[in-house]
Amino acid sequence: MEMMALLFLFVAMFLMCFGIGVVFMVYMCILWSSILQNGEGEKGGKGLSTAELERLGGAADGGAVAGQECAVCLEDIEAGQAARVLPDCRHAFHRPCADRWLSAHPDCPLCRAYLHPPPPPPSVPLQVVLSA
Ligand SMILES: [Zn+2]
Ligand SMILES: [Zn+2]
């Protein structure tokens, strides 16, 4: 009977150690994946993604901002050229120039005003559609 109790204790101890080991492994995996995600987040946070550029808006034809100098290529924006007006500081640039700059820097090339990338659209429409 004492033998059985000892065996039971041994098995219990073994299972406990095994459990702690598994929890520790899972914890390390979560920690590691969050570190990896943070690294990607910093990389993506340097500039605006194509989707963020789309949501930024400020698209204008050259007519509205014609005559203004594009600070990226230092040439004037001409009527009919695609342009982009930054939402916060209202500085205007050629659209390709602005997009090229903004994909690498999250700020205005002229006054360095930090652009707050618009939040991604809410991911609820699918649920709304399902419940409607
Ligand atoms: Zn330009
Ligand atoms: Zn600006």
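Biologist: In which sense do β1 and β2 pair, and over how many bridges?

Modeller: β1 and β2 pair in the antiparallel sense, over 3 bridges. Two strands are said to pair if DSSP finds at least two bridges between them, and strands themselves are DSSP runs (E, at least two residues), as helices are (H or I, at least four), numbered from the N terminus. Within this region, Asp 61 stands opposite Ala 82 in β2.

Biologist: On what kind of model does this rest?

Modeller: This is a predicted model, in which local features need pLDDT of at least 70 and side-chain atom pairs count only at pLDDT 80 or more, while totals for chains, interfaces and linings use all residues. Residues are numbered from 1 along each chain as its sequence is written, chains are lettered from A and ligands numbered from 1 in the order in which they are written, and side-chain values use heavy atoms, without hydrogens and water.

Biologist: What makes β1 and β3 the edges of the sheet?

Modeller: The open sheet has 3 strands in the order β1-β2-β3, with antiparallel pairing. β1 (59-61) and β3 each have a single partner strand, so one side of each is left without a neighbour in the sheet. The twist averages 40° from one strand to the next; angles run from 0 to 180 degrees between the N-to-C directions of axes, which are lines fitted to C-alpha atoms, for helices over the stretch in contact. α4 lies across β1, β2 and β3, at about 50° to β2.

Biologist: Why is the arrangement around the zinc ion (ligand 1) called tetrahedral?

Modeller: Four donors count as tetrahedral if all angles lie between 85 and 135 degrees. The 4 donor atoms here subtend angles of 97 to 118°, and the arrangement is therefore tetrahedral. The ion is coordinated by Cys 70 (SG), Cys 73 (SG), His 94 (ND1) and Cys 97 (SG), at 2.0 to 2.3 Å, where donors are N, O and S atoms within 2.8 Å of the metal (3.2 Å for Na, K and Ca). Their spacing along the chain is C-x2-C-x20-H-x2-C.

Biologist: How do you know whether His 94 and Cys 97 are buried or exposed?

Modeller: Buried means under 20% relative accessible area, exposed over 50%, and partly exposed in between (1.4 Å probe, protein chains only). His 94 has 7% relative accessibility and counts as buried; Cys 97, at 8%, likewise counts as buried. Buried residues make up 20% of the 132 residues in the protein.

Biologist: What makes the site of the zinc ion (ligand 2) tetrahedral?

Modeller: The angles among its 4 donor atoms are 102 to 117°, and the site is tetrahedral. The protein donors are Cys 89 (SG), His 91 (ND1), Cys 108 (SG) and Cys 111 (SG), lying 1.9 to 2.4 Å from the ion. Cys 89 lies in the loop between β2 (82-85) and β3 (92-94), and Cys 111 in the loop between α4 (95-102) and α5 (125-131), so the pair ties together parts that are 22 residues apart in sequence.

Biologist: Why are Cys 89 and Cys 111 called partly exposed?

Modeller: Cys 89 has 22% relative accessibility and therefore counts as partly exposed. Cys 111, at 37%, also counts as partly exposed.

Terms used: Tetrahedral: all angles 85-135°; square planar, octahedral: opposite > 155°, others 65-115°. Contact = heavy atoms within 4.5 Å.
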